[in-house]
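User: Could you walk me through how to read a structure like this one? I'd like the general idea first and then the case in hand.

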Amino acid sequence: MKQHYCPHCHLVYKSQVCPSCGTRGRLSTPDDLIFFIAADYFTSARVEDYLNEEEIPYLKKGELGVGLTSRIGLSFEYQRFFIPLKAFIDYEDQLNTLKEVIEKPES
Ligand SMILES: [Zn+2]
């Protein structure tokens, strides 16, 4: 099945244009990086541990919170995790489980 990839939004889709930004993407390849999750300083460590443990390949990009970091310091830093498309499909179950745990913390 042919899928397209949007390099701006880091997602794959089956329609002609990206459902998120409207860009006409190109055909996806197994190496395309798919946006997985954005995690804050504390949860990113858990995400990283899990991915390492399951030996799931990933790329991590640090981002700073909007305009607040100079006043508040680095506590608003968060990480965005990207998974190569092939691994994203291979490890779909594990990734979904992890996402559920991270985004719905027990309280
Ligand atoms: Zn897009």
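Here is a walk through the chain, feature by feature.

User: What should I know before I start?

Analyst: This is a predicted model, so to speak, with local features needing pLDDT of at least 70 and side-chain atom pairs counting only at pLDDT 80 or more, while totals for chains, interfaces and linings use all residues. Residues are numbered from 1 along each chain as its sequence is written.

User: How many helices and strands are there, and in which pattern do they follow along the sequence?

Analyst: Helices (H or I, at least four residues) and strands (E, at least two) are DSSP runs, numbered from the N terminus. The chain has four helices and six strands, and along the sequence they read β-β-β-β-α-β-α-β-α-α.

User: How do I describe two packed helices?

Analyst: You give the angle between their axes and the distance between the axes. The axes are lines fitted to C-alpha atoms, for helices over the stretch in contact, and angles run from 0 to 180 degrees between N-to-C directions. Here, H1 (residues 41–54) and H4 (residues 92–103) have axes that come within 11 Å and cross at roughly 160°. That makes H1 roughly antiparallel to H4 (angles under 35 degrees count as roughly parallel, over 145 as roughly antiparallel, 65 to 115 as roughly perpendicular and the rest as oblique).

User: Which residues of H1 and H4 meet?

Analyst: Two residues are in contact if their C-beta atoms, placed from the backbone, lie within 7 Å. On the H1 side you'll find Thr-43, Arg-46, Val-47, Tyr-50 and Glu-54, and they meet Gln-94, Leu-98 and Ile-102 in H4.

User: Is Val-47 buried or exposed?

Analyst: Count the other C-beta atoms, placed from the backbone, within 10 Å of a residue's own: 20 or more is buried, 12 or fewer is exposed, and in between is partly exposed. Val-47 has 21 C-beta neighbours inside 10 Å, so it counts as buried. Leaving out residues up to four places away in sequence, Val-47 touches Ile-37, Ala-39, Phe-81, Leu-98 and Ile-102. Its C-alpha atom is 8.7 Å from that of Lys-99, 52 residues apart along the chain. Across the chain, buried residues make up 17% of the 107 residues.

User: Which residues touch the most other members of the largest nonpolar core?

Analyst: A nonpolar core is a set of buried Ala, Val, Leu, Ile, Met, Phe, Trp, Tyr and Cys residues joined through C-beta atoms within 7 Å. The largest one has 15 residues, and Ile-34, Phe-36, Phe-81, Ile-83, Phe-88 and Leu-95 touch the most other members. Strands S1 (4–6), S4 (33–40) and S6 (78–84), along with H1, H3 (85–90) and H4, each supply at least two residues. H3 gives the most, with three. As for Ile-83, its contacts beyond four places in sequence are Ile-34, Phe-36, Ile-56, Tyr-58, Phe-88 and Leu-95.
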